[in-house]
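Subject: Structure handover and notes

Hello,

Please find the structure below. My notes on it follow.

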Amino acid sequence: KLSEETLKLAAELGDRAAEAHVLWNLQLVNLLQNNAALAIDFGEQSLVIARELNLRELMAYTLSDLGWAYNDNCQFEKAAERLQEGAQLWQELSNVPMLANNLNVSLFGYLWNGNYEKVLGVAEQAYQISFSSGNLWNQASARMFQGEVWLQYGEMERAFTALRESVQFAEQANAPMYATWFHATLCRAYSEMGLVQQGMEIYRQ
């Protein structure tokens, strides 16, 4: 509601920069409410204005979040385009945490699209960047995606090592939602291997 009110004020004042920022806010709100189509609409509007005014940081944020929205909408090629442009901007802006975040968002599309080699390569890049900057959450996410792919490849030792690390990093980062998600992934992996007792122990946690 506040964003909608601010959008009207920005239009009345002719403040295009404020309008672009508010449209990005509306993109995020709709993403978090699982309205990917509306998020795309607001994000693309924000991006047009950000390009016009050369608001490079806002462009990077909007592009990265558009990648998230397009992935949610199963438009994987469009997501990859937006995320790659966003990653380039984060590199130019020397924003290492957001670059790692952008790369991790791209992993969803690559995994859902079955592009496993791309997952492994991008996840390793995201992990190394996150490790160098001490970003535990992104390290956790990168390891989880690698574990998922190694499970598919039947490389069980590597898979379980990565999945256990994903849980460890998420707990160290004090990110309970992701710790729960990554625990669940590890639980499923144990169950698929027939290691029911180990899986149930994790499930109870």
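Helices (H or I, at least four residues) and strands (E, at least two) are DSSP runs, numbered from the N terminus. The expected span of a helix is 1.5 Å times one less than its number of residues. This is a predicted model, in which local features need pLDDT of at least 70, side-chain atom pairs count only at pLDDT 80 or more, and totals for chains, interfaces and linings use all residues. Residues are numbered from 1 along each chain as its sequence is written, and side-chain values use heavy atoms, with hydrogens and water left out.

Overall

The chain has 11 helices and 0 strands. Its C-alpha atoms fill a box of roughly 65 × 35 × 30 Å along the principal axes. Of its 205 residues, 47% count as buried; buried means under 20% relative accessible area, exposed over 50%, and partly exposed in between (1.4 Å probe, protein chains only). Contact means heavy atoms within 4.5 Å. Among contacts between residues at least 6 apart in sequence, 53% join residues at least 24 apart.

Helix 4 covers residues 56-72, which makes 17 residues. From first C-alpha to last it reaches 24 Å, close to the 24 Å expected at 1.5 Å a residue. Just after helix 4, Cys74 takes a positive phi of about 60 degrees.

Helix 3 has 18 residues, which should span 26 Å at 1.5 Å a residue; its end C-alpha atoms are 25 Å apart, which agrees. Its buried residues include Ile40, Phe42, Glu44, Leu47 and Ile49, and the buried residues of helix 3 pack against helix 2, helix 4 and helix 5. Just after helix 3, Asn54 has a positive phi of about 55 degrees.

Glu85 is in helix 5 and, at 24% relative accessibility, counts as partly exposed. Leaving aside neighbours within four places in sequence, Glu85 is in contact with Arg51, Met59 and Leu63. Glu85 and Ala60 are 25 residues apart in sequence, with their C-alpha atoms 7.7 Å apart in space.

Asn102 is in helix 6 and is buried, with a relative accessible area of 2%. With the neighbours within four places in sequence again set aside, the contacts of Asn102 are Ser64, Leu83, Gly86, Ala87 and Trp90.

Aromatic rings

Rings of Phe, Tyr and Trp (its six-membered ring) pair if their centres lie within 6.5 Å; planes under 30 degrees apart count as stacked, over 60 as edge-to-face and the rest as tilted. The structure holds 14 such aromatic pairs. One of them is Phe108 with Trp181, stacked because the ring centres are 6.0 Å apart and the planes are at 25 degrees. This pair links distant parts of the chain: Phe108 is in helix 6 and Trp181 in helix 10 (residues 176-192), 73 residues apart. Phe108 is partly exposed at 24% relative accessibility, and Trp181 is partly exposed at 32%.

The rings of Tyr127 and Phe131 have their centres 6.2 Å apart and their planes at 20 degrees, so this pair is stacked as well. Both residues lie in helix 7 (residues 116-133), 4 residues apart, about one turn of the helix. Tyr127 is buried at 10% relative accessibility, whereas Phe131 is exposed at 53%. The charged end of Arg143 sits over the ring of Tyr127, 3.6 Å from its centre (the criterion is NZ of Lys or CZ of Arg within 6 Å of the ring centre and within 35 degrees of the ring normal).

Ring pairs also link Phe76, Phe108, Trp112, Trp137, Phe145, Tyr178, Trp181 and Phe182 into a cluster.

Regards
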